[in-house]
Amino acid sequence: MGRRRTALLAVGAATVMAIGTACGSGGPAAAGASAWALTGGDEQSIRSSFDSWNEANPDTAINPEFFANDAYKQKIRTAIGAGGAPTLIFGWGGGNLRSWVDADKVANLSEVAPDVGALTDRYLPSVLDTGTVGGDVYAVPNNGMQPVLLYYNTKLFDRIGAQPPETWAELMELVPRFNEEGIAPFALAGQSRWPQLMWLEYLVDRIGGPEVFEAIAAGEPGAWSHPAVLEAGKKIQELVDAGGFADGFGSISADSGADAALLYTDKAAMYLMGSWAYPSIKDAAPEFIENGHLGHTTFPTVAGGAGDPANIVGNPANYWSISAEASTEERQAALDYLDRGLMNDEYVNTLLENGSVPPVRGIEDELAAAGDSEYLSSVYETASAAPHFELSWDQALDPNQADEMLATLEQLFNGQVSPEEFSSTMDATIG
């Protein structure tokens with residue numbers, strides 16, 4: 001899921017072809033409408049939705065393919081640029097969506113849908129807004145809301161007699177205590193780069209508030225050199241130097257699930273990740289959740305910080321857009337699915353059963369009746385009540401700037417650049 005990342009530029013053409021083959025045939029070359037989506041997270045819910053739709057609507061069937069997160073980013077960028085995108089394009093909204101709109105690569109749903117209100121009124125406005133450009137709807141949510149949460153292993157906290165951190169100072173105090181027990185304080189998939197961004201996003205928000213990134217997104221000169229960004233960089237490097245992350249975190253991949261596995265195999269105490277981690281952990285280690293070993297909380301506050309501690313970062317959801325180059329028949333099949341197959345009662349229940357929170361109105365009763373009701377209701381309330389829900393920066397920014405940010409952030413985590421060098425490098429990307 002999600003949430004939530006950047007293209008794996010080192011993936012060669014042969015690897016991409018192998019991934020496509022492994023995930024099955026279909027895509028733009030197959031007959032009928034097509035869809036590309038991600039493995040992990042809400043994959044099973046999305047698969048089930050298409051299976052149900054295709055069984056009931058064989059004349060407007062949709063052929064889905066699923067790809068690992070990092071490889072998908074490169075594949076969809078190449079496909080859209082070459083005119084070979086699937087009918088339904090999986091995305092995150094934000095900067096990528098704006099670039100597709102500017103290039104006339106995705107259909108304006110406000111214009112092509114027979115009744116756009118019927119298509120969109122079911123969604124929470126704050127989530128739908130991320131799929132809107134210039135007042136028009138270009139993408140609709142296709143899975144659960146994805147705030148980034150601080151997950152923790154309750155067994156390991158009980159072992160050292162500690163509580164999850166509420167402040168940054170408490171977080172730093174826990175680091176040596178876990179290390180002394182041979183436990184990594186935090187799991188982190190540094191090889192994938194985008195999981196590192198969550199740390200920067202939350203620290204900048206907690207220190208300086210959402211206005212700091214708003215200035216960056218607006219392209220204000222020098223915005224990356226705001227004191228909150230510099231202070232966040234310093235805190236990240238202090239955490240790395242203190243042994244805050246699992247050994248070899250730079251070689252751990254999120255696509256393999258190795259980061260989450262550190263948490264549920266008792267090798268790491270905490271895990272900062274989007275809420276798409278929950279259904280993945282539930283699928284991989286259901287007994288870990290059933291036995292009450294997975295806790296979750298919000299990101300800690302920072303002393304003297306200006307950000308509201310109820311602010312969250314992450315992805316309001318993932319989204320479906322319709323390719324502007326789809327045939328009339330493909331576009332109609334996609335519109336029919338978005339109208340009648342997406343977020344219907346069956347799909348909402350499937351998401352809840354798999355541990356995801358649908359971004360739709362009026363589901364409090366369904367949340368209360370779900371098997372994971374305490375967790376699901378907590379995520380729904382956290383996302384719905386947040387004063388500010390900041391879209392992941394690598395999706396909010398222009399794709400080229402996002403690539404530079406993730407590459408330089410990796411160097412910050414590895415100690416190859418200072419916080420000042422990170423900021424000056426990113427300031428140079430503001431045109």
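How much space lies in the largest pocket? The volume is about 590 Å³. The model is predicted, so local features need pLDDT of at least 70 and side-chain atom pairs count only at pLDDT 80 or more, while totals for chains, interfaces and linings use all residues. Residues are numbered from 1 along each chain as its sequence is written, and side-chain values use heavy atoms, without hydrogens and water.

A pocket is an open set of points on a 1 Å grid over the protein atoms alone, where a 1.4 Å probe fits, with protein on both sides within 12 Å along at least five of seven lines; lining residues have an atom within 4 Å of a point. Volume is the space filled by probe spheres set on the points.

The largest pocket is lined by 29 residues. Closest to its centre are Thr39, Gly40, Gly41, Trp276 and Ser280. Two or more lining residues come from each of α2 (43-56), α13 (258-264), β9 (268-274) and α14 (277-284). Helices (H or I, at least four residues) and strands (E, at least two) are DSSP runs, numbered from the N terminus. The largest contribution, 7 residues, is from α14.

Within α14, Ala277, Tyr278, Pro279 and Ile281 are buried (under 20% relative accessible area, 1.4 Å probe, protein chains only). These buried residues pack against β7 (146-153), α13, β9, α15 (286-290), β10 (294-297) and α19 (373-385), with contact meaning heavy atoms within 4.5 Å.

The second largest pocket holds about 430 Å³ of space. Its lining has 16 residues, with Arg98, Asp129, Thr130, Leu391 and Ala396 nearest the centre.

Technical notes
Buried means under 20% relative accessible area, exposed over 50%, partly exposed in between (1.4 Å probe, protein chains only).
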